Amino acid sequence: MKPPMSERRWARWAWGWAVVGSLISLGASVTGAGDERVVSRIAFGSCANQSAPQPIWDAIVKFDPQVFIWLGDNIYGDIRRPLQLFGKERTTGPWKNVPRFVPSSEQEMESRYTRAKTNPGYSRLRQNAKVIGTWDDHDYGLNDAGKEFGGKITNQRLLLDFLDEPKDSPRRNQAGVYASYTFGPVGKQVKVILLDTRYHRDPLSSDGSILGSEQWTWLEKELMGPATELTIIGSSIQVVSNHSAATGPMFYLEAWGRFPKEMDRLFKLIAESKRDGVFFISGDVHFGEIARYDCGVGYPLFDITSSGLTQSVEKAVPPPLNMVLRFVAWLTPSTMRVMSRNCRFRSCTYGLPNFGAIEIQWGENPVKLIIQVRDTDGHPVTSANVSLSELRAYNGKLVAADTAGGYKRHCSLEVTLPWIIRYRLAILFYCAVAVCFLAFLGIAYGVGSFCWKCLRKCKLD
């Protein structure tokens, strides 16, 4: 006997609200679920100034990705004041009295997003690819900002509008823009987890939290969930490389390595989840490289960094100095960078505009991955071929990061390097400054001596 109509309606109503509640409790974890198309080409990038020319979209469209992932600095929304060493408003130096970067208004942020979204090249990409993404500091609203930034709620809405996030998406009601997506049928599934490294991040010098407690809980559920052949974790800042350990105290870059406790927690969580096929993609640093860490979870953890689509270190200096930057990149100690003969430059970094490309060869046995950083013409500048069988845990056993106290490539962190290697860039820099200063004193002494002799001769005459 069927229950009365009112009871059936009540049951459907209760079931519906239970489903809605479960979706909200999962955050944005169901976004993109149910997409059964096989994904074999994924592109990603970061650091795109909406006011700069963006010819790189032609190469990305030609690559024909099914998915494109923004990794932050999707626009440059904050205002950068010019470098000023002297005067009333000094933006640099130990005596600066005003900040170099200041937030934009909501209207200006919206205008910059509109300009970025209507770029002809990007518009062509949106017609053929699923576009997803997270943010970094400049589209978050302020350079190097964390949880203290007051404009994050408004700017979260603007970012999600830019990404065409549905109005009823749980992502619009959570604190932060983290999300996950699952693409492809069973047996060929790709899970993409996008982290928010801004909304909950503690100050850079605190060694506090990057993700915050709610996001950590969500990430644990995602990693402990159903297995997929591949799991791509997108972070706006580098996960594996920590160049600040070798470039300080001259300059510092944002990276997970500046939060050692969080970095350890991330690797431990991946290991405990027993999830195979995990690797990272990242941006932020204005150059491209591929890094790997072999002593974190029982198999190599790759981190493909692509930065930026318009912004790059070599474009920030006059062309004659590009060779100097390439030499510095080669000299900078990096224990994690993947060195290969396939690299465009000897340093295996690329300091001109670039994008990341991932090709999944599902037809191979075992499945193979081609991970690359490509230039504005679509040509690889650094790459690595990885078999999916390599991204499997070695009987669940972790490899010791410190082998008999010695150095091990792709295993010993930059902070563990001998000081003479770790600080060789700073040593060279300060030696060069000292030589230049002594040369200046020598020239000044020579000129002064010559003028004094001329003056004495004139007096005698």
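Q: Contact here means heavy atoms within 4.5 Å, so what share of the contacts between residues at least 6 apart in sequence join residues at least 24 apart?
A: That share is 69% in this protein. The model is predicted, so local features need pLDDT of at least 70 and side-chain atom pairs count only at pLDDT 80 or more, while totals for chains, interfaces and linings use all residues. Residues are numbered from 1 along each chain as its sequence is written, and side-chain values use heavy atoms, with hydrogens and water left out.

Q: How many helices and strands are there?
A: The protein has 12 helices and 14 strands, where helices (H or I, at least four residues) and strands (E, at least two) are DSSP runs numbered from the N terminus.

Q: Which strands make up the open sheet that includes β12?
A: That sheet has 6 strands in the order β5-β2-β1-β12-β13-β14, with mixed pairing; two strands pair if DSSP finds at least two bridges between them. β5 (130-134) and β14 (380-387) are at the edges with a single partner strand each, so one side of each lacks a neighbour in the sheet.

Q: And how do β12 and β13 pair, parallel or antiparallel?
A: β12 (residues 355-361) and β13 (residues 368-374) are antiparallel, joined over 7 bridges, and Ile360 stands opposite Leu369 in β13.

Q: What is the order of strands in the sheet with β6?
A: The order is β6-β7-β8-β9-β11-β10, an open sheet of 6 strands whose pairing is mixed. Its edge strands, β6 (179-183) and β10 (289-293), each pair on one side only. Within this sheet β9 (residues 278-282) runs parallel to β11 (residues 301-305), with 3 bridges between them, and Ile281 stands opposite Ile304 in β11.

Q: Which strands does helix α7 touch?
A: Helix α7 (residues 212-224) packs on the sheet and touches β6, β7 (190-194) and β8 (230-235), its direction making about 170° with that of β7. Such angles run from 0 to 180 degrees between N-to-C directions, with axes fitted to C-alpha atoms, for helices over the stretch in contact. Helix α9 (residues 260-273) lies across β8, β9, β10 and β11, at about 145° to β9.

Q: Changing topic, how much of the protein is buried?
A: Of its 461 residues, 50% count as buried, where buried means under 20% relative accessible area, exposed over 50%, and partly exposed in between (1.4 Å probe, protein chains only).

Q: Is Ile427 buried or partly exposed?
A: Ile427 is partly exposed, with a relative accessible area of 32%, and lies in helix α12 (residues 424-460).

Note on methods: Contact means heavy atoms within 4.5 Å.
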